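I opened the model today to look up its pockets, its ligand site and a few backbone details. My entries follow.

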Amino acid sequence: MVRIADNIIECKGALILGAGIAGLFTALKLAPFPSLVLAGTRPGISGSSAWAQGGIAAAVGEGDTWQAHAADTVTAGAGLVDPLVADFVAREAPERISDLLAMGAPFDRRADGSLAVGREAAHSAARIVHVKGDRAGAEISRQLALTALASPSITLAEGFHAIELAIENGRVTGLFARTGIGPQARLVLFRAPAVIFATGGLGALYAVTTNPLESRGEGLGMAARAGALIADPEFVQFHPTAINIGRDPAPLATEALRGEGAILVDETARRFMLTVHPDAELAPRDVVARAIHREIAAGHRTFLDCTKAVGAAFESRFPTVYAACRSAGIDPATQPIPVAPAAHYHMGGIASDAQGRSSLPGLWVVGECAATGLHGANRLASNSLLEALVFGARAASDIKGTISARPARGEPPAPQRFNSPAPPHVLRDAMTRLVGLERNAAGLTEALATIDQVERAGGNEPALLNMTATAKLVTAAALARRESRGGHCRTDYPLAQQPAQRTFLTLADAENIAAAPSAGHAVAQQ
Ligand SMILES: Cc1cc2nc3c(=O)[nH]c(=O)nc-3n(C[C@H](O)[C@H](O)[C@H](O)COP(=O)(O)OP(=O)(O)OC[C@H]3O[C@@H](n4cnc5c(N)ncnc54)[C@H](O)[C@@H]3O)c2cc1C
């Protein structure tokens, strides 16, 4: 479709869509190469980044090694992690933590001044650097936004809602974004020699999620609609312990609590993880999430009991979780916290190479919207912010080495509040019920039909088409993967198949699967 923009802005350097940690860190690593960071919401509090509680994984603790970190990452990923990617991400992690320290990130330290490191599930060592207990995301996001604001080469612009990529002669040359409401509404074409997507995840396509409602897979959908190759979209991670107090989105009880020794119990105080996995509460996330899901399906209520492991120290050690609990009348120091699994993290995304390049020339992808091969079928806790940092640095270096800045032209209109359509409830409900922790062919086929109905009823609204494209990719790939592996559990195909293969598909492939759901695999698995 040809779009007529009200304004055309020529950016001098890189155009970054997304002001979470991935977008801001990439801009800072690009500096002094110029960049414009565009986002829906305010940098510093934007996206999932500001909500991250645990911290960032890096082998900086005594006796820990990057090799052990890489090995844990490969193990958690259930056969689909690219070991070369795990190696370079784990190796570069301490350097990226040093970058953050230089940018002012206030990581917690021990009495001797060394970085304090915490432990999380499926890590063989204490290696999570954190800030003020559970405030890593909020504090790092705030600090990166302040540093970016002070950088003369970075322009931050909030209040723009991107809806489509601009492609000229087969190359991504920019994007269309809306700002304003009613008569004030403007469609702006931002053109740039390099476009970077740092658009985050897709949790809010699910009815029960820990993600902010702006995490709706729109970047993935935009790239897919422009023909980009998508990798592993069926792998969605469900966090086992969202606080179950009827909120949308659901607040999170960080995994670090289980690292501290908190236990999962039912309404009779039965510790049910002991019979599920030798590591009990510290088993991989998908195992813990499914165990809770099955307890709930069997009619039980499930709780995270921190009263012995954390007790009176709760308020000072985990202030964010404490505040969420208190707002619902629960004192986590003395009472168990009601918990349920919720859509939390997307392992899949826009396929990326080791420099963050997508399959579309001119488009780089960093952070949660990308599929780099690091997470495989199941992300290791606290590896996602790390991936954003490592690939942000790599993409910045690639762009600086290959792209020249050019003169800027045009002034963007003053950004304003804008309306963007929320994902319809029927879509979110279908994703949670039918494309959630446990899936089967009948449910996935029903979900594809629902996505199709939502799409047809949407009247070509581009934001909605971006969301339905993403939902379709997740669902079609889940239908095509006739096995259970990591975060993807098929009740009709409970075993893992050998050899383990990643999924690579386009939106056209997903549409073929949706058109003939019983026809079998139509996607490239390699
Ligand atoms: C509650 C919670 C706790 C977590 N804890 C941890 C943790 O401890 N450690 C860890 O490693 N990971 C954690 N994660 C995951 C991690 O926070 C995310 O994977 C990471 O922050 C993603 O960063 P990002 O920069 O890629 O995307 P985000 O931070 O989500 O930012 C996305 C940006 O894209 C913008 N955007 C998206 N679409 C559009 C559009 N169409 N137009 C304009 N702008 C758009 C948004 O406005 C936003 O600025 C947690 C996630 C959640 C939800």
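Which residues lie nearest the centre of the second largest pocket? I found V208, H293, P341, A342 and T432 there, among the 22 residues that line this pocket. The model is predicted, so to speak of a local feature I need pLDDT of at least 70, and side-chain atom pairs count only at pLDDT 80 or more, while totals for chains, interfaces and linings use all residues. Residues are numbered from 1 along each chain as its sequence is written, and side-chain values use heavy atoms, with hydrogens and water left out.

**Second largest pocket.** I noted about 330 Å³ of space in it. The search uses a 1 Å grid over the protein atoms alone: a pocket is an open set of points with protein on both sides within 12 Å along at least five of seven lines, a cavity is a set where a 1.4 Å probe fits but cannot get out, and lining residues have an atom within 4 Å of a point. Grid points are joined across faces, edges and corners, and a volume is the space filled by probe spheres set on the points. β16 gives the most to the lining, with 4 residues; β13 (236-243), α7 (285-297) and α11 (425-434) are also among the elements that supply at least two each. Helices (H or I, at least four residues) and strands (E, at least two) are DSSP runs, numbered from the N terminus. I sorted the lining into 14 nonpolar, 5 polar and 3 charged residues. Here Ala, Val, Leu, Ile, Met, Phe, Trp, Tyr, Cys and Pro count as nonpolar, Asp, Glu, Lys and Arg as charged, and the others, Gly among them, as polar.

**Ligand.** I then turned to the 39 residues around the ligand, of which S46, S49, G54, E214 and E368 come nearest; a residue is near if one of its heavy atoms lies within 4 Å. An N or O atom in the side chain of E368 is 2.6 Å from an oxygen atom of the ligand. For S48, a backbone N or O atom lies 2.9 Å from a ligand oxygen, and for L385 I also read 2.9 Å from a backbone N or O atom to a ligand oxygen. The protein covers 97% of the 1000 Å² of accessible area that the ligand has on its own (Shrake-Rupley method, 1.4 Å probe). α10 gives the most to the shell, with 3 residues. The shell divides into 14 nonpolar, 21 polar and 4 charged residues.

**Cavities.** I counted 4 cavities of 30 Å³ or more in the whole structure. The largest cavity has a volume of about 60 Å³. Its lining includes E255, R285, N378 and R379, and divides into 6 nonpolar, 1 polar and 3 charged residues.

I found 3 strands in an open antiparallel sheet, in the order β4-β6-β5. β4 (56-57) and β5 (117-118) are at the edges with a single partner strand each, so one side of each has no neighbour in the sheet. Strands pair if DSSP finds at least two bridges between them; β4 and β6 (residues 128-129) are joined by 2. A57 stands opposite I128 in β6.

**Backbone.** Most residues other than glycine have a negative phi, and most peptide bonds are trans. I logged a cis bond from D248 to P249, with omega near -5 degrees; P249 is in the loop between β13 and α6 (256-259). Q498 and P499 are also joined by a cis peptide bond, with omega about -5 degrees. S382 has a positive phi, near 65 degrees, and is in the loop between β19 (370-371) and α10.

Key
A polar contact is a pair of N or O atoms within 3.5 Å; within protein, one must be able to donate a hydrogen and the other to accept it, and residues adjacent in sequence count only if both atoms are side-chain atoms.
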